[in-house]
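Here's a quick briefing to read with the model open. Grab your viewer and follow along.

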Amino acid sequence: MTPNWLHHRLPGDEIAGKAEELVDQGFRLGLVAAHDDGERLRVVYLFLAGHPDRRVELETLLTAADPALPSLAYLSFPASRFEREMADLYGIRPVGHPHLRRLVRHAHWPQDWHPMRADAGLPPQFAATGGFPFVTVQGTGVYEIPVGPVHAGLIEPGHFRFSVVGETVLRLKARLWFVHRGLEKLFEGRPATAAVDLAERISGDTSAAHALAHSLAIEDALGIEMPEEAQRLRALLVELERLYNHAADLGAMANDVGYGIANAHAQRIREQLLRLNAVVTGHRLLRGAIYPGGVTVNRLPTAAQLHSIATDIAEIAELTLANTVVYDRFAGTSVLDRDDARAMGCLGYVARASGVRTDARTEHPFTALPITESGAGAGDVLARYTLRRDEFAASATLAAYLVESHTGPNKYVVPAPSTRGPRSGIGIVEGWRGTIVHRVEISADARITRSKVVDPSWFNWPAVPVAMADTIVPDFPLTNKSFNLSYAGNDL
């Protein structure tokens, strides 16, 4: 599938005007990537629109001595956060940003150390320099409840600061970036066709989709054209990933309101799917099957297996929602309005449950698929539950179709053609949480010079505090699970 991909290099003071034009035409800001080229810095803005697939890059050059450019925060909430990230990691100043505070770098990070700069060197000594400036909510009976960053159970670290009256939440602030691994830096210098192992570890439960987005970006840059049958095998693996994660979430959401029997059966199905993954690819998390220029499937599942599992999940969901206590806890809880979801740039099931149409399989397809789009509108926990239920059924049907219609071998390897000069590439995939975007730049000797990754959790995390407003503290675990965002995918 060849998208309409345009590239404009503009002076910094012309970026805002062009960005306004694109937003007016229905584009969304999908990614902002800073680059350190030595004597100068570059910033690339990737705007995306679907139906048909359109991609527009705006690029501007900055002086390394004083890198600054006009802020787009007034135009796009995601832009404001990308700018804060660039300020932390590259020292690029977004002039006119309304609230430029640290995002990635915690208080113990050195003030003037920007780790993505080419001359950053080894990390200097970290030392506490003050606390995070949480907004204090005042009033009669208002108090704070701090939660995390260390949590009970197997959960990644994140700090949540509740300002409450009684049990009613007035404000919630989520502070993340406790698991920063410097993954984008680790991509630098790796051979273009030998870095997929890093992509698979961006967010462990999304190994296949991130491996595919990375591979599509590398193939785009190197000019590798994969056969349609190979792309359909890859699509099958991404749907298998969607199935086991949605099954787990349907059970976990029921468990958070005390309906443990539904969770037990959902986890039983998740285990079935993980074992199926191991048969199909040799790995329970589908690792090692998708790579630049290739895909390897050991054995296809059967359509009968997939249909049987879908029937099982449908029964569990029906029994769950028939329980009046469960239904009452789900319905009307933590509503994310459509306008808020759209303004924050939400993606995946979070956006679709609030009535926002978004699915990279139809907006930015890498192969033609008969997609059944699911949607809801209430934006509450119930909507996020029923959307997963419906997506599980649609995904199982799609996976069965891909199995039954498959022709040809189960392994494809396409060699990379010789390249001339540096090139860039984009990979877009609808992972189980939502749209994943990878952008890579590759040198003349076929090594990665920059890899920018955007997981849908980056866009969706700010929506959790919005949905929690005016709900109650005991509903936070349920709300958080209904979003089920990746800490690691957000913090690279």
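Start at Gln231: leaving aside neighbours within four places in sequence, its contacts (heavy atoms within 4.5 Å) are Leu216, Met226, Phe366 and Thr367. Keep in mind that this is a predicted model, where local features need pLDDT of at least 70, side-chain atom pairs count only at pLDDT 80 or more, and totals for chains, interfaces and linings use all residues. Numbering runs from 1 along each chain as its sequence is written, and side-chain values use heavy atoms, with hydrogens and water left out.

- Gln231 sits in helix α6; helices (H or I, at least four residues) and strands (E, at least two) are DSSP runs, numbered from the N terminus.
- Its relative accessible area is 7%, so Gln231 counts as buried (buried is under 20% relative accessible area, exposed over 50%, partly exposed in between, with a 1.4 Å probe and protein chains only).
- The side chains of Gln231 and Arg234 are joined by a polar contact of 3.0 Å (a pair of N or O atoms within 3.5 Å; within protein, one must be able to donate a hydrogen and the other to accept it, and residues adjacent in sequence count only if both atoms are side-chain atoms).

**Nonpolar cores**
- The largest nonpolar core has 79 residues, and Leu237, Leu240, Leu273, Val295, Leu306, Phe330 and Phe392 have the most contacts inside it (a core is a set of buried Ala, Val, Leu, Ile, Met, Phe, Trp, Tyr and Cys residues joined through side-chain atoms within 4.5 Å).
- Helix α6 (residues 228-255) gives this core its largest share, 13 residues.
- Apart from that core lies another one, of 69 residues, including Leu176, Cys346, Trp458 and Trp461.
- Not counting residues up to four places away in sequence, Phe330 touches Met253, Ala254, Val257, Leu321, Asp380, Val381, Leu382, Tyr385 and Leu478.

**Helix α2**
- With 14 residues (77-90), α2 reaches 20 Å from its first C-alpha to its last, close to the 20 Å expected at 1.5 Å a residue (the expected span is 1.5 Å times one less than the number of residues).
- It's mostly covered, as 13 of the 14 residues of α2 are buried.
- Gly91 follows α2 and has a positive phi, near 75 degrees.

**An exposed loop residue**
- Val150 lies in the loop between β7 (142-147) and β8 (159-165).
- Val150 has 75% relative accessibility and therefore counts as exposed.

**Annotated spans**
- An unreviewed UniProt entry annotates residues 31-121 as "domain: NADH:ubiquinone oxidoreductase 30kDa subunit"; UniProt positions are given in the numbering used here, feature names are shortened, and annotations may be inferred rather than shown by experiment.
- Residues 31-121 are 15% helix and 35% strand, with end C-alpha atoms 26 Å apart.
- Residues 262-406 carry the unreviewed UniProt annotation "domain: NADH-quinone oxidoreductase subunit D".
- That span, 262-406, is 60% helix and 3% strand, and its end C-alpha atoms lie 34 Å apart.

**Whole chain**
- The chain has 17 helices and 15 strands, and 57% of its 492 residues count as buried.
- Among contacts between residues at least 6 apart in sequence, 68% join residues at least 24 apart.
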